[in-house]
Amino acid sequence: EWTPATYRQPPHVHSSLEIGLCLTGKGYFYFGNKQYAAKPGDLFLVNNEERHIAQSAPDDPSRYLFINFDPALLLAEEPGLLLPFSYRSTHFCNHIMGGSPLATQLTPWVLAIAEELREKSPGYLVMAKSALIQLCGRLLRHYTGLLTDDERHHMVHSVRQAQSLAALVEHRYNEPVSL
């Protein structure tokens, strides 16, 4: 959980993928030149290349629950689950409005992941991963319906190439590296 500053801080990037849920308060979420107002129940998707930062409203600071995860976690299960995070930043709406049908589907899974990681009951890692797969499966179904056939084909091809590269590295990681 995180409460952003009430002034705009410099944006950042990280190697993980990120799903943020606004729990309380108000503020803004910035993705490059895009700006979204944030309120409780809103969800935000962040890929691993996108510069972003959240800012709280001074009179009602926002508080977020963020799920950060390594893309390899999904690549090992089903590469297609990464498609919702393979967007071009300028053409993508990172914001899922609270109360929308999609937010209503996703929020319980975000909360389930957080609860598993907080409680650490026996089997919690597999339970959290299972909830993440459910969440990303629902994102995949939603965003796949918004793509043209060409966009979908290009994205699936890109994910398959990444999977092939990952398999090659996994298979040959102990061999000497040369130019």
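The legends below describe close-up views of a predicted model.

**View 1. The ring pair of Phe29 and Phe66.** The ring centres of Phe29 and Phe66 lie 6.2 Å apart with their planes at 70°, and because planes over 60 degrees apart count as edge-to-face, the pair is assigned to that class. The pair links distant parts of the chain, since Phe29 belongs to strand 2 (residues 27-31) and Phe66 to strand 6 (residues 63-69), 37 residues apart. Phe29 is buried, with a relative accessible area of 1%, and Phe66, at 19% relative accessibility, also counts as buried.

**View 2. The ring pair of Phe31 and Tyr36, and the cluster that includes them.** The rings of Phe31 and Tyr36 have their planes at 70° and their centres 5.8 Å apart, so this pair is edge-to-face, and both residues are buried. Ring pairs join Phe31 and Tyr36 with Trp2, Phe29, Phe44, Tyr64 and Phe66 in a cluster, and the count of aromatic pairs in the model comes to 13.

**View 3. Arg8 and the ring of Tyr30.** Arg8 lies over the face of Tyr30, at 3.7 Å from the ring centre.

**View 4. Helix 2 and the elements that cover its buried residues.** Helix 2 (residues 101-119) has 19 residues and should span 27 Å at 1.5 Å a residue, which agrees with the 28 Å between its end C-alpha atoms. Its buried residues include Leu102, Ala103, Leu106, Thr107, Val110, Ile113 and Ala114, and what covers the buried residues of helix 2 includes strand 1 (17-24), strand 4 (43-46), strand 6, strand 7 (95-96) and helix 3 (124-144). Just after helix 2, Lys120 takes a positive phi of about 55°.

Terms used:
Residues numbered from 1 in each chain as written. Predicted model: local features only at pLDDT ≥ 70, side-chain atom pairs only at ≥ 80, totals over all residues. Heavy atoms only, no water. Phe/Tyr/Trp six-rings, centres within 6.5 Å; stacked < 30°, edge-to-face > 60°. Helix = DSSP H or I, 4+ residues; strand = E, 2+ residues; numbered from the N terminus. Buried < 20%, exposed > 50% of the residue type's maximum accessible area, 1.4 Å probe, protein only. Lys NZ or Arg CZ within 6 Å of the ring centre and 35° of its normal. Expected span 1.5 Å × (residues − 1). Contact = heavy atoms within 4.5 Å.
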